[in-house]
Amino acid sequence: LAKQAFMKKYNLLTNKHLKMETRKGFMKAFVWSILLYGCETWTIQKYERDRLEAFEMWIWRRMTRTSWVERKSNEEVLQSVEERRELISHILKRKAKLIGHSIRHSTFLSNIFEGKILGRRTRGRPRTSYFKDVKRLMDVSSYSHLKRVATDRDKWLIQQGAAFRR
């Protein structure tokens with residue numbers, strides 16, 4: 001859907017007469033808002049991370065009208081648009097912000113995190129759960145540690161910053 005949104009606004013986003021800053025603002029408003037809808041609930045594995053990074057580079061290359069024949073590296077394209085890869089870090093920040101907020105304020109979500117589901121699971125390797133993904137993201141060992149850190153908003157922001165510097 002985000003690619004379709006980009007292509008709908010292609011003439012605007014690749015217009016050489018507009019400043020690059022203006023085009024980047026339009027792109028973040030029109031395309032990223034569609035791409036990032038609901039990203040707080042995603043469990044991002046290596047495959048998804050690679051796809052998102054490839055999409056980000058696809059956008060920057062299209063905005064600068066850089067052909068693959070020119071054989072420019074991703075770093076050269078990022079320098080020409082004066083950006084750096086920030087899509088994944090943006091997703092992770094939004095995710096950490098939501099989980100901290102929901103642990104502090106929502107008893108319903110806390111019941112979901114702390115509860116167990118009855119029954120048997122399906123065959124095969126278990127999917128990465130949202131909670132395991134959050135534990136890995138915030139570098140905590142257990143739900144009780146996560147809850148303890150999240151209840152103090154200042155500690156949570158420090159923990160969140162440490163998670164993104166890695």
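1. Let's start in a loop. T66 sits in the stretch between α4 and α5. Is T66 buried or exposed? With a relative accessibility of 8%, T66 counts as buried, because the cut-off for that label is under 20%. The T66 side chain makes a polar contact of 2.6 Å with the side chain of T64. Setting aside neighbours within four places in sequence, T66 is also in contact with R61, K72 and V77.

2. A word on what you're looking at. This is a predicted model. The protein has 10 helices and zero strands, so if you read along the sequence you simply get α-α-α-α-α-α-α-α-α-α. The protein has 166 residues, and 34% of them count as buried. Take the contacts with a separation of 6 or more: 66% of these come from residues 24 or more positions apart.

3. Now for the core. The largest nonpolar core has 38 residues, and the members that touch the most others are M27, V31, I59, W60, L146 and W156. Which helices each supply at least two residues of this core? They are α1 (2-8), α3 (20-35), α4 (46-63), α5 (74-80), α6, α8 (130-138) and α9 (143-151).

4. Not counting residues up to four places away in sequence, M27 touches L13, W32, I59, W60 and M63. Two of these partners, I59 and W60, are named with M27 among the core residues that touch the most other members. W32 has another neighbour worth a look: K28 lies over the face of the W32 ring, at 5.5 Å from the ring centre.

5. Next, the aromatics. There are three aromatic pairs in the structure. One of them is F6 with W58: the ring centres are 5.2 Å apart and the planes stand at 65 degrees, so this pair is edge-to-face. F6 belongs to helix α1 and W58 to helix α4, so the pair ties together parts that are 52 residues apart in sequence. How buried are the two partners? F6 has 0% relative accessibility and counts as buried; W58 is buried too, with a relative accessible area of 16%.

6. W58 also pairs with F55. Here the ring centres are 5.8 Å apart and the planes are at 15 degrees, so the pair is stacked. F55 and W58 are three residues apart in helix α4, which means about one helical turn separates them.

7. Which residues of α9 are buried? They are Y143, L146, V149 and A150. These four cover an arc of only 130 degrees around the axis, so they lie on the same side of α9.

8. Last stop, α6. H90 is in this helix, which covers residues 87-105. H90 counts as partly exposed, because its relative accessibility is 33%. How far is H90 from C39 in sequence and in space? The two are 51 residues apart in sequence, and 9.6 Å apart in space from C-alpha to C-alpha.

Technical notes
Residues are numbered from 1 along each chain as its sequence is written. This is a predicted model: local features need pLDDT of at least 70, side-chain atom pairs count only at pLDDT 80 or more; totals for chains, interfaces and linings use all residues. Side-chain values use heavy atoms; hydrogens and water are left out. Buried means under 20% relative accessible area, exposed over 50%, partly exposed in between (1.4 Å probe, protein chains only). A nonpolar core is a set of buried Ala, Val, Leu, Ile, Met, Phe, Trp, Tyr and Cys residues joined through side-chain atoms within 4.5 Å. Contact means heavy atoms within 4.5 Å. A polar contact is a pair of N or O atoms within 3.5 Å; within protein, one must be able to donate a hydrogen and the other to accept it, and residues adjacent in sequence count only if both atoms are side-chain atoms. Rings of Phe, Tyr and Trp (its six-membered ring) pair if their centres lie within 6.5 Å; planes under 30 degrees apart count as stacked, over 60 as edge-to-face and the rest as tilted. A charge sits over a ring if NZ of Lys or CZ of Arg is within 6 Å of the ring centre and within 35 degrees of the ring normal. The arc is that of the directions from the helix axis to the C-beta atoms.
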